[in-house]
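Please open the model in a viewer, with the sequence panel beside it. The stops below say what to select next and what is there.

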Amino acid sequence: MSETAIAPGFADPGRDSQAVFRAAMMAMARPGTICKLPVALDAPAPLAPGTAALALALCDFETPIWLDPALATEADVAGFLKFHTGAPIVVHPNEAAFALVAGANEMPALHRFAPGSLEFPDRSTTLFVQVETLRKDGGWRLSGPGIAGRAHLSAAPLPPTFLDELKANHAVFPRGVDIYFVAGHRIAALPRAILIDS
Amino acid sequence: MSAVGPTSAKGAAPPHPAAPRPPSPDGRRTGGADGYNFAYLDEQTKRMIRRAILKAIAIPGYQVPFASREMPMPYGWGTGGVQITASILGPDDILKVIDQGSDDTTNAVSIRRFFEKTAGIATTTRTREATIIQTRHRIPEEPLADDQVLVYQVPTPEPLRFLEPRETETRKMHALEEYGLMHVKLYEDIARHGHIATTYDYPVKVDGRYLTAPSPTPKFDNPKMHMSPALQLFGAGREKRIYAIAPFTRVVSLDFEDHPFEVNRFERPCALCGADNVYLDEVVLDNSGGRMFVCSDTDFCQERRAAGHAGEMLARAPSFVAGQR
């Protein structure tokens, strides 16, 4: 823990976490749509304000968090999350309910996170992947639940194998991980049910 | 203590429970009954339910177990739906609650009051105005919009439960997508009655994967679930399950090639508003066989009458059916 004070969380925890959740729910229900989180948090770098808001809205003592190396090396990040959520920090990605990724282009392959079981596919990891650009055009073509026809989404930077990992993640449906891409305050969801091609 | 009467009241009367609460000093309507969190549930419970809702949307039709809380109403009165509504509700939401299509039956009124009291939110009976619609066993006749959320109260979330009582077995059947038993059940309907006799809680397959109970809505409403622009959330409080159908998701009612799925047909239009192709309730009028068929969706019926539509019995229908004229 560094000597700096822990950054404040939500100004109005009840109201703010509802607003963040509602945006996250609408994003999950409409993959390919980019939602702006209505709450600004002053999170310790390299934690993006959007990732911090999602974590504070959804994580607590019941949800182990995995931090990627870029986040794990900053003691302020773990301190911020532990103080505001009480969530345990785990070292293995497949033990995590939520995985926070700041260095997206060096992130582990998606199959290393918990995919749940066929009986309990809900016991899986949800990833918050921070990216620099997030656009609703170009990139991947998405179809499936939540999308009328087709949608487009592009996020960068990501590992070169990421598209193949996404396809493999969809192929094991109903198992698999669900992903929120985060760029600043903007988020877009990519649940496992979505079919992706380039 | 003297008898309670107009003269025995001491001091100012307490405010009516449904009276709007004044805004807080910073101008925001925070709402909520004194001593309770916004929308009754505590924040940790809401987070747990919200996580279940996100998983439910990500795996359409799969029943996510959740730690259902005791609510200040009995099981069977919509505790699952109420917990979902309480968890998604924000201060700016406008809530509509229907029970069998009606805004003014006991269950709908009490749940609407519950949220007026505990969240201080605005409520409506108009389908179009609502951002969240909690429903017991109907889908509104008016097509829903893509910014609306439909919350179902579900008694039995497991469509296979009456065919296989063991949770371990039904869970395995869902895991292996082994749904032959349900087809056998529908086949037995045909063998016995000549047609599929299931009329409500008619099983659907969501996005080609999970067999799902639409809750005991009439099968008339099943086609409205298919590619609905609104997000559909299902809550079963006693059974501790949440499931969801994302917007624009394929929802197919099970059937056979030679016995295709069919919705209920009504011989006549609504006797009050003249609407065709809507779900009708039978209303018994007297002891000598008098009866009429009227829209189950009261808001839809009232709006049509306000727009000048009239059914054949509108002029002579009793006020307990047609309301005040």
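Start at the second largest cavity, with a volume of about 40 Å³. A cavity here is a set of points, on a 1 Å grid over the protein atoms alone, where a 1.4 Å probe fits but cannot get out; lining residues have an atom within 4 Å of a point. Grid points are joined across faces, edges and corners, and a volume is the space filled by probe spheres set on the points. Select Leu166(A), Asn169(A), His170(A), Val177(A), Ile179(A), Leu190(A), Pro191(A), Arg192(A), Ile194(A) and Ile196(A) to show the lining. Helix H5 of chain A, residues 162–171, gives the most to this lining, with three residues. By class, the second largest cavity is lined by seven nonpolar, two polar and one charged residues. In this scheme Ala, Val, Leu, Ile, Met, Phe, Trp, Tyr, Cys and Pro count as nonpolar, Asp, Glu, Lys and Arg as charged, and the others, Gly among them, as polar.

Two notes before moving on. This is a predicted model, in which local features need pLDDT of at least 70 and side-chain atom pairs count only at pLDDT 80 or more, while totals for chains, interfaces and linings use all residues. Residues are numbered from 1 along each chain as its sequence is written, chains are lettered from A and ligands numbered from 1 in the order in which they are written, and side-chain values use heavy atoms, with hydrogens and water left out.

**Chain A**

Helices (H or I, at least four residues) and strands (E, at least two) are DSSP runs, numbered from the N terminus. The C-alpha trace of chain A spans about 50 × 30 × 30 Å along its principal axes. A compact globule of 198 residues would have a radius of gyration near 16 Å, and chain A agrees, with 16 Å. That radius is taken over C-alpha atoms, and the globule rule is 2.2 Å times the number of residues to the power 0.38.

Buried residues make up 57% of the 198 residues in chain A. Buried means under 20% relative accessible area (1.4 Å probe, protein chains only). For an example, select helix H2 of chain A, residues 49–58, where nine of the 10 residues are buried. Among the buried residues of H2(A) are Gly50(A), Thr51(A), Leu54(A) and Leu58(A).

**Chain B**

Chain B averages 90, and 89% of its residues score at least 70. Over residues 1–29 of chain B, pLDDT stays under 50, and the model has 17 contacts for this stretch beyond four places in sequence. A contact means heavy atoms within 4.5 Å. Where pLDDT is low, the predicted coordinates should not be read in detail.

There are eight helices and 12 strands in chain B, and 54% of its 325 residues count as buried. Next, select residues 79–88, helix H2 of chain B: 10 of its 10 residues are buried, so the helix is largely enclosed by the rest of the structure. Within this helix, pick Thr85(B), which has a relative accessible area of 0%. Leaving out residues up to four places away in sequence, Thr85(B) touches Leu95(B), Phe115(B), Ile132(B), Gln134(B) and Val151(B).

**The largest cavity**

A search of the whole structure finds two cavities of 30 Å³ or more. The largest cavity holds about 110 Å³ of space. Which residues lie nearest its centre? Select Tyr62(B), Gln63(B), Glu158(B), Arg171(B) and His174(B), out of a lining of 13 residues. Helix H4 of chain B, residues 167–175, gives the most to this lining, with five residues. The lining of the largest cavity divides into four nonpolar, four polar and five charged residues.

**The largest pocket**

The last stop is the largest pocket, with a volume of about 470 Å³. A pocket is an open set of points with protein on both sides within 12 Å along at least five of seven lines. Select Thr63(A), Asp122(A), Arg51(B), Ala52(B) and Lys55(B), which lie nearest the centre among the 23 lining residues. Helix H1 (43–58) and strand E1 (64–65) of chain B each supply at least two residues of this lining. The largest share, five residues, comes from H1(B). By class, the pocket lining has 13 nonpolar, four polar and six charged residues. For the complex, the predictor gives an ipTM of 0.97 and a pTM of 0.92.

Key
pLDDT = per-residue confidence, 0-100. Buried < 20%, exposed > 50% of the residue type's maximum accessible area, 1.4 Å probe, protein only.
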